[in-house]
Amino acid sequence: MKLSALQARRVALAAQGFHVGKPGGPVTRAHLKRLVARLQVLQLDSVSVSVRAHYAPVFSRLGPYDREVLDRAAWSHSTRSPRLLVEYWAHEAALMAVEDWPLMRWRMSGYRHGRWGTEIVKRNPKLVDAVIAAVSELGPSTAGQIESHLSSGPRARKGTWWDRSDTKWVAEALWSAGVLTTATRVGFARHYDLAERVLPPEVVDRQVGESDAVRELTLRAATALGVGTEADLRDYFRLAAGQVRPAIADLLAAGSLEQVEVEGWTSPAYLRTGQTVPRRDRGTALLCPFDPLIFFRPRVERLFGFHYRIEIYTPAPKRRFGYYVWPFLLDGELVGRVDLRADRATGTLQVIGAFSEDGQDSRQVAAALVGELRSIASWLELGDVTPGVRGDLIPALKGELG
C-alpha cells in the first residue's frame, strides 16, 4: 500500500485527535480519558512561561477546559473518582493511564538504582531503606520533607551519615524503580508515596514481561501516530531498536500493523490496521513544544516540512524564533510559530514573536491565529493579547487585534 505525503499527514492528525472536533460543552473526565487513550502520554516539563506542558495538548484538542479536571485525574483519588493517571518515564517524565503502569515494569527493573546518579544509590543502601521507612511513616512527602524527617531522628544527634543532596537522588531512584510514585503535586513539587498506597492492588500486582510489554507499547505508539517509521515508533515510548524490531514483526504477522510506503519517506512505514485515511484537512491549534504530535522533530520535518528546535537552552542573542515557541497548526498544516509568555503581573498573554512559514500569506495566518490566541488567553484567565515586535506576523496581528 502507498500513501501520499498528504494522506500520511491526515492519518497522523486524525490519530492524534484533531479530526474529532471539540466538545460542545464543558470538558469532562470522560473526554480526558478518551483523549489519553489516543495520545497515551502527556509529557511533563518544569517550564511554566505560559502554561505547563501537560495541560497544553488537552487544550489544543478539546479547547478551553478546567485544568482541575486534569489535576484531579492525575493527583487525587476518591471512591467516586478513582485516579485516572500516573506519572512515569513513559516518554520522558509523563502522565499515562494508571492501568498501563505495569507495561513499564521492565523499565523499572532496569532503573532499580535510578535513571541517573546510580552510584549514589548503590553506595547508600541504608539511606534507601531509610527513605522508604520515612515515606511509610509520613505518607505523601517531598524530598525536602523526607530529608528533614531523617535529619530530626536519633541519627542526627550523632551526625548525619549521608550527604543531604543524596536524599533527592534516592527518592528519584525509588520513583524510577517503581517503589515510590507521585501521590500528588503541590506547586508542581512532587510528593512521593509508596506505589501500593497510590495505585490499585490489581495494577501493582500485575506482572508483564518485557517482550509482551514492548509489543503492546509498540502497538500503542502506532495507534497514537497513525502511521510511522520504526524510528517514530521507538521514540514514542523511548524504546530501543532491538526491542521494537521483533515487536513490529510480531504485529505485522498478527495483522495489527500494515507496512506501507509513504511518498518522500526513505524508510518503510507502518500503518495501524483499520486506520482510515481522512478525505480532507482538519486541525487548527497552537501546539506547545512538548505536544505528542511534534515532540519527535525528525517526524515533524517528514510530515509537515517544518524544521523545529526548542531554543530554551540557546543564548538569547542566538535564538532565531524565541524562548518557548508554539507551532501553529492551521487546517492540517504547520503555518507559523509564536513565542508566548503569560505575564501574570499585567494580566496579558504576550506574543513576543510571531513568524509565518515560507510561502504562507501572513494576513491569512494572522487572522486565524488571533482566534487561537484569544482562546488561550481566556483559558489562562488573561485579559488581553499583547503583540511584541519580532516576526513578520506582528504587523498583521496588530491589525487584527485592533
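How much accessible surface does the protein have, and what percentage of it belongs to carbon and sulfur atoms? It comes to about 17,800 Å², and 49% of that belongs to carbon and sulfur atoms (Shrake-Rupley method, 1.4 Å probe; for residues, only the protein chains shown count as cover).

1. Ground rules. This is a predicted model, where local features need pLDDT of at least 70, side-chain atom pairs count only at pLDDT 80 or more, and totals for chains, interfaces and linings use all residues. Residues are numbered from 1 along each chain as its sequence is written, and side-chain values use heavy atoms, with hydrogens and water left out.

2. Overall build. You'll find 17 helices and 14 strands (DSSP runs numbered from the N terminus: H or I of at least four residues for helices, E of at least two for strands). Buried residues make up 55% of the 402 (buried is under 20% relative accessible area, exposed over 50%, partly exposed in between; 1.4 Å probe, protein chains only).

3. R105, worth a look. R105 sits in helix α5, residues 105–110. R105 is buried but has no salt bridge, and D205, the nearest side chain of opposite charge, is 6.2 Å away (Lys and Arg count as positive, Asp and Glu as negative; His and chain ends are not counted). A salt bridge here is a side-chain nitrogen of Lys or Arg within 4 Å of a carboxyl oxygen of Asp or Glu. Beyond four places in sequence, R105 touches V203, V204, D205, R206, Q207 and V208 (contact means heavy atoms within 4.5 Å).

4. R61, another buried arginine. R61 is in helix α3, residues 56–62, and is buried at 3% relative accessible area. A polar atom of its side chain lies 2.7 Å from the backbone oxygen of Q16, and one lies 3.1 Å from the backbone oxygen of P57.

5. Salt bridges. The whole structure has 23 of them. In one, R220 and D100 meet at 2.7 Å, N to O. That pair links distant parts of the chain, 120 residues apart: R220 is in helix α12 (residues 210–225), D100 in the loop between β4 (93–97) and α5. Both R220 and D100 are buried. D193 and R197 also pair up, with closest N and O atoms 2.7 Å apart; D193 is buried at 6%, whereas R197 is partly exposed at 41%.

Key: A polar contact is a pair of N or O atoms within 3.5 Å; within protein, one must be able to donate a hydrogen and the other to accept it, and residues adjacent in sequence count only if both atoms are side-chain atoms.
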